[in-house]
Amino acid sequence: MRIALFSARGFDREFFDRANARHGHEIVYFEAGLDSRTAGLAAGYACVCPFVNDCLDDATIESLARGGTRLLALRSAGFNHVDLAGAARRGVTVARVPAYSPHAVAEHAVGLLLTVNRKLHRAAARVREHNFALDGLMGFDLHGKTVGLVGTGRIGDAFARIMLGFGCTVTASDPNPDAALAGLGVRYVGLDDLFERSDVISLHCPLTPETRHLISDAALARMKPGVVILNTSRGSVLDTRAVIRALKAGRLGGLGIDVYEEEGDLFFRDLSDRALLDDVLARLLTFPNVVVTAHQGFFTREAMEAIAETTLANAAGFERGCVPAANLVTPQAHIAKSG
Ligand code: NAI
């Protein structure tokens, strides 16, 4: 297929070119992000391959469909950036990579937890300056603590198993409880219960109308003082301003996030020679107990290989009329189990 790949970075080219040696598609890489202003670049490409911060709203999809696009091959698990109803109306098929490496994201969440709890970010910077004092670096044992997971799909499942290995009590909230995890000792509870009893809360649900700002002022008020919150899901699951209020009040032990509500204009770019114009993110970065990474949870060799292979296989399957059903995204997906 002729594939227009948007928001292309060097690493996309490396992994997609390598996988394409097996598929033989014609891939053209566009550094530009995809939205209604850039959709015209894809005219004549039957397949468009967007990334997570591209904007696939109705106007973009309309323009893509007019230019002949018939397949949106998302190179992500999440699809909250796509107007699925708009795509369906215009006969544009949407495919995704439902599972590439849940371990990549789960392990990154663990990394954020250890960094925030044991203050590794501060410790490493101190030692570089030959400051070997320990004051201010005390953390807590994870062993024996209660970890609450919101969402126990593929990534939540991997994270739960790691936390069980640490000797934590794991509780979870998910409309689709996982019997295998329950068998391992994970206790499914209501959200309020989870907020009230957890020492660590980790978000692994998709962004949907129901999960937007799930971590709100009201939710934060229910949590134990000193709770550590992790978000590797989608930025808007957490109300950033509410979290800043809780941080200022000294009610949070720490925050580790790989995603941010307004990351679309910032992440995946080197902006180090410019002023940071996002005042909310700037405020967040002033707290010593906050660690922010720029959406790198997926970014392992294994995950990139799997993403490239499945995306290109989805395109090949589309040409043959047989994309695996599990990889297709329909308008109903927002209310079903999704990623
Ligand atoms: P998944 O579809 O396997 O699991 C999502 C789980 O969340 C399902 O079990 C679903 O029932 C549950 N869920 C849905 N609504 C819920 C609610 N209101 N409360 C509690 N649970 C709810 O998805 P997967 O692969 O585990 O990914 C989870 C999310 O992680 C994705 O939606 C995506 O937003 C994010 N992600 C982040 C990446 C990163 O690089 N930081 C990379 C890949 C995914």
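Which helix holds the place of Arg122?

## Arg122

Arg122 sits in helix H5, which covers residues 120–128. The structure described here is a predicted model. In it, Arg122 has a relative accessibility of 32% and therefore counts as partly exposed, since that class lies between the limits of 20% and 50%.

Leaving aside residues up to four places away in sequence, Arg122 touches Gly136, Leu137 and Pro288. Between Arg122 and Ala19 there are 39 Å in space, C-alpha to C-alpha, and the two are 103 residues apart in sequence.

## Nonpolar cores

The largest nonpolar core contains 33 residues, and Ile215, Leu220, Met223, Ile229 and Leu255 have the most contacts inside it. At least two residues of this core come from each of these helices: H8 (191–197), H9 (217–222), H10 (240–248) and H11 (279–284). Strands S9 (200–203), S10 (227–231) and S11 (252–257) likewise each supply at least two. H10 gives the largest share, 5 residues.

Ile215 has contacts with Phe195, Leu203, Leu220, Met223, Ile229, Val237, Leu238, Asp239 and Val243, when residues up to four places away in sequence are not counted.

## Packing of H4 and H6

Helix H4 (residues 102–118) and helix H6 (residues 154–165) have axes that come within 8 Å and cross at roughly 50 degrees. H4 is therefore oblique to H6. The crossing of H4 past H6 is right-handed.

On the H4 side, the contact is made by Pro102, His103, Val105, Ala106, Glu107, Ala109, Val110 and Leu113. H6 contributes Arg154, Ile155, Ala158, Phe159, Ile162 and Met163. By type, the residues of this contact are 11 nonpolar, 1 polar and 2 charged.

Most residues other than glycine have a negative phi. What is the phi of His213? The angle is near 55 degrees, a positive value in a residue that is not glycine. His213 belongs to the loop between S9 and H9. Its relative accessible area is 31%, so His213 is partly exposed.

Phe268 also is not a glycine, and has a positive phi of about 70 degrees. The loop that holds Phe268 runs between S11 and H11.

Terms used. Residues are numbered from 1 along each chain as its sequence is written. This is a predicted model: local features need pLDDT of at least 70, side-chain atom pairs count only at pLDDT 80 or more; totals for chains, interfaces and linings use all residues. Side-chain values use heavy atoms; hydrogens and water are left out. A nonpolar core is a set of buried Ala, Val, Leu, Ile, Met, Phe, Trp, Tyr and Cys residues joined through side-chain atoms within 4.5 Å. Buried means under 20% relative accessible area, exposed over 50%, partly exposed in between (1.4 Å probe, protein chains only). Helices (H or I, at least four residues) and strands (E, at least two) are DSSP runs, numbered from the N terminus. Contact means heavy atoms within 4.5 Å. Axes are lines fitted to C-alpha atoms, for helices over the stretch in contact, and angles run from 0 to 180 degrees between N-to-C directions. Angles under 35 degrees count as roughly parallel, over 145 as roughly antiparallel, 65 to 115 as roughly perpendicular and the rest as oblique. A crossing is left-handed if the near helix is turned anticlockwise from the far one by less than a right angle, and right-handed if clockwise. Ala, Val, Leu, Ile, Met, Phe, Trp, Tyr, Cys and Pro count as nonpolar, Asp, Glu, Lys and Arg as charged, and the others, Gly among them, as polar.
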